[in-house]
Amino acid sequence: MGRVTLKGPIWTNGLLRCLGAGDATSGNLEGQAAARALFFATVVGLPCKTTEHDTVLCSGAQSDVALYEHAASEIMGYFGRLSAQDLEPRRQMILSRAAARSAAARNPAPATRRSPMRSDEVEIVSRDTPHEGFFLTRSYRLRHPQFDGTKSAALSREVFVATDAAIVLPYDPVRDRILLIEQFRMGPFGRGDPYPWVLEPVAGRVDAGETPEETARRECSEEADLALLQLEHVSSHYCSPGCSTEMYHCYVGVCDLPDSGQSHGGLDVEHEDLRRHVIRFDQAMDMVRTGEVNIGPLLALLLWLERERPRLTASA
């Protein structure tokens with residue numbers, strides 16, 4: 001292909017190395033390096049255009065460099081196998097997975113009681129991606145440091161590569177009510193549960209460029225038609241650290257809720273079929289005792305709310 005001229009502060013040598021495109025001290029790329037940069041720019045949706053001289057211009061903001069470096073490791077694995085157009089439906093998931101990696105690097109939990117051994121001390125023997133679609137699974141052969149100071153034998157491990165998620169339990173402290181979402185879920189269905197419709201808090205994927213708090217407010221608006229008065233952060237935790245990268249950011253959202261009852265909702269474009277339940281707090285705790293509350297984040301949020309409810313109702 002022709003020459004590609006790189007415009008904008010994101011085109012650092014670090015990003016170009018992630019793309020396998022060398023560096024561009026002149027601001028120009030040609031041949032295979034140009035093709036790789038153009039493929040990446042098209043997949044992530046950077047503005048590109050062809051001039052009368054057949055030069056493609058691509059630009060982006062400096063703040064996106066870390067995100068794009070994380071995205072490059074996934075995107076360039078598709079180069080030569082899939083077209084940029086094939087990857088367009090996956091763009092948001094690719095960027096959201098990259099945003100989760102960027103957030104993990106920026107904001108790790110403290111390591112005071114637990115070991116300060118770091119992920120860069122793990123030796124990766126090989127890495128493969130047995131499934132790549134809207135979701136990803138990764139397969140590793142690795143050796144990790146052990147508590148006695150030695151390295152483990154080479155181990156085979158698989159992980160489901162997910163995005164971060166924001167989870168919100170809407171609570172009305174004046175009426176002492178909560179809102180729950182009911183929907184069909186593949187996890188219980190795949191396990192063989194005869195009742196795969198479950199009760200959950202409001203939840204959604206943290207998109208690239210969003211904070212978990214922004215996602216929480218957006219999802220409450222989309223799923224429950226609610227405007228939150230305030231957000232109480234409860235926890236940020238891994239949902240299943242033995243097999244998934246997914247991080248849950250959990251909140252109680254203080255709001256005004258309608259009268260008790262059921263209503264339907266969900267976004268047609270996401271094929272959501274949701275039923276909303278507005279119930280009293282004591283009714284929810286009854287379901288904790290009977291086991292009908294069988295979703296981990298909902299259980300944790302209700303137990304947190306049981307402890308903090310006097311404070312929230314006193315200030316309502």
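Is Ala224 buried or exposed?

**The whole protein**

What you see is a predicted model, in which local features need pLDDT of at least 70 and side-chain atom pairs count only at pLDDT 80 or more, while totals for chains, interfaces and linings use all residues. Residues are numbered from 1 along each chain as its sequence is written, and side-chain values use heavy atoms, with hydrogens and water left out.

The C-alpha trace spans about 65 × 55 × 40 Å along its principal axes.

**Ala224**

Now return to Ala224, which counts as buried because its relative accessibility is 7%; buried means under 20% relative accessible area, exposed over 50%, and partly exposed in between, with a 1.4 Å probe and protein chains only. Leaving aside neighbours within four places in sequence, Ala224 is in contact with Leu179, Val202, Glu219 and Arg276, where contact means heavy atoms within 4.5 Å.

**Helices α3 and α5**

Next, select residues 65-75 (helix α3) and residues 91-106 (helix α5), which pack with their axes 8 Å apart at an angle of about 125°. Axes here are lines fitted to C-alpha atoms, for helices over the stretch in contact, and angles run from 0 to 180 degrees between N-to-C directions. That angle makes α3 oblique to α5, since angles under 35 degrees count as roughly parallel, over 145 as roughly antiparallel, 65 to 115 as roughly perpendicular and the rest as oblique. To see the contact itself, show side chains including Leu67 and Ile75 of α3, together with Ile94 and Ser102 among those of α5.

**The cysteines**

A disulfide is a covalent bond between the sulfur atoms of two cysteines, and here it is taken as a pair of cysteine sulfur atoms within 2.5 Å. The structure holds 0 disulfides; the closest cysteine sulfur to that of Cys239 is in Cys243, at 7.4 Å, which is too far for a bond. Cys239 counts as partly exposed because its relative accessibility is 30%, and Cys243, with a relative accessible area of 40%, is also partly exposed.

Key
Helix = DSSP H or I, 4+ residues; strand = E, 2+ residues; numbered from the N terminus.
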